[in-house]
Amino acid sequence: MRIIAKSTIKKFWAQPDYREAKGSLESWYEETLKADWQSPQAIKNQYGNASICNNNRVVFNIGGNKYRLVVEMQYRAGIAWIKFIGTHAQYDLIDVETVNDY
């Protein structure tokens with residue numbers, strides 16, 4: 001998969017409060033680069049705890065479920081577009097289907 005954009009997750013883990021997310025986000029990034037997800041089921045096969053949402057959005061639990069990563073999947077184009085990353089409290093304030101922070 002092509003990921004848009006790594007700079008988004010780098011900016012997140014560069015913040016002092018979120019530095020511990022770096023390892024988990026790097027792992028997700030590397031695994032996603034190697035993936036060839038053609039459908040939501042393909043994601044669920046690899047990440048059983050991912051939440052498949054409307055508007056081609058997928059929510060990944062990061063860092064032992066401490067953070068949430070919202071990605072818009074463009075399956076045919078092979079693109080994973082990062083739309084949001086934050087804590088559970090921050091995630092609770094967004095609409096997964098429309099969030100477009102990055």
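Four helices and five strands make up the secondary structure of this chain. A word on terms: helices are DSSP runs of H or I with at least four residues, strands are runs of E with at least two, and both are numbered from the N terminus. From the N terminus on, the order reads β-α-α-α-β-β-β-β-α.

Before I go on, some ground rules. This is a predicted model, where local features need pLDDT of at least 70, side-chain atom pairs count only at pLDDT 80 or more, and totals for chains, interfaces and linings use all residues. Residues are numbered from 1 along each chain as its sequence is written, and side-chain values use heavy atoms, with hydrogens and water left out.

Now the overall shape. The radius of gyration is 12 Å, close to the 13 Å that the globule rule gives for 102 residues, so the chain is as compact as a globular protein of that length. That radius is taken over C-alpha atoms, and the globule rule is 2.2 Å times the number of residues to the power 0.38. Along the principal axes, the C-alpha atoms fill a box of roughly 35 × 25 × 25 Å.

What share of the residues is buried? Of the 102 residues, 41% are. Here buried means under 20% relative accessible area, exposed means over 50%, and partly exposed is in between, with a 1.4 Å probe and protein chains only.

Next, contacts, meaning heavy atoms within 4.5 Å. Take the contacts with a separation of 6 or more. Residues 24 or more positions apart account for 40% of them.

Let's look at one helix pair. Helix α1 covers residues 6-14, and helix α2 covers residues 22-34. Their axes come within 10 Å and cross at roughly 170 degrees. That makes α1 roughly antiparallel to α2. The axes are lines fitted to C-alpha atoms, for helices over the stretch in contact, and angles run from 0 to 180 degrees between N-to-C directions. Under 35 degrees counts as roughly parallel, over 145 as roughly antiparallel, 65 to 115 as roughly perpendicular, and the rest as oblique.

Which residues make this contact? From α1 they are K6, I9, F12 and W13; from α2 they are K22, L25, E26 and Y29. By class, the contact of α1 with α2 has five nonpolar, no polar and three charged residues. Nonpolar covers Ala, Val, Leu, Ile, Met, Phe, Trp, Tyr, Cys and Pro; charged covers Asp, Glu, Lys and Arg; the others, Gly among them, are polar.

Stay with K6, in helix α1. At 25% relative accessibility, K6 counts as partly exposed. Beyond its neighbours within four places in sequence, K6 touches W13 and Y29.

I4 and A5 are joined by a cis peptide bond, with omega about -5 degrees. A5 sits in the loop between β1 (2-4) and α1.

Now a buried residue. I43 lies in helix α3, residues 40-46. Its relative accessibility is 0%, so I43 counts as buried. Leaving out residues up to four places away in sequence, I43 touches W37, A50, V58, F60, M73 and Y75.

Further along is V96, in the segment after α4 (88-91). Buried or partly exposed? At 11% relative accessibility, V96 counts as buried. Its contacts, again leaving aside neighbours within four places in sequence, are C53, R57, V59, V70 and Y91. From V96 to L69 is 27 residues in sequence and 10.0 Å in space, C-alpha to C-alpha.

Now the loops. N56 lies between β2 (51-52) and β3 (57-62). Its phi is near 60 degrees, a positive value in a residue other than glycine. N56 counts as partly exposed, at 44% relative accessibility.

The loop between β3 and β4 (67-74) holds N65. N65 is not a glycine either, yet it has a positive phi of about 75 degrees. At 35% relative accessibility, N65 counts as partly exposed.

K66 is found in the loop between β3 and β4. K66 counts as partly exposed, with 45% relative accessibility. Neighbours within four places aside, K66 is in contact with E20, T87 and H88.
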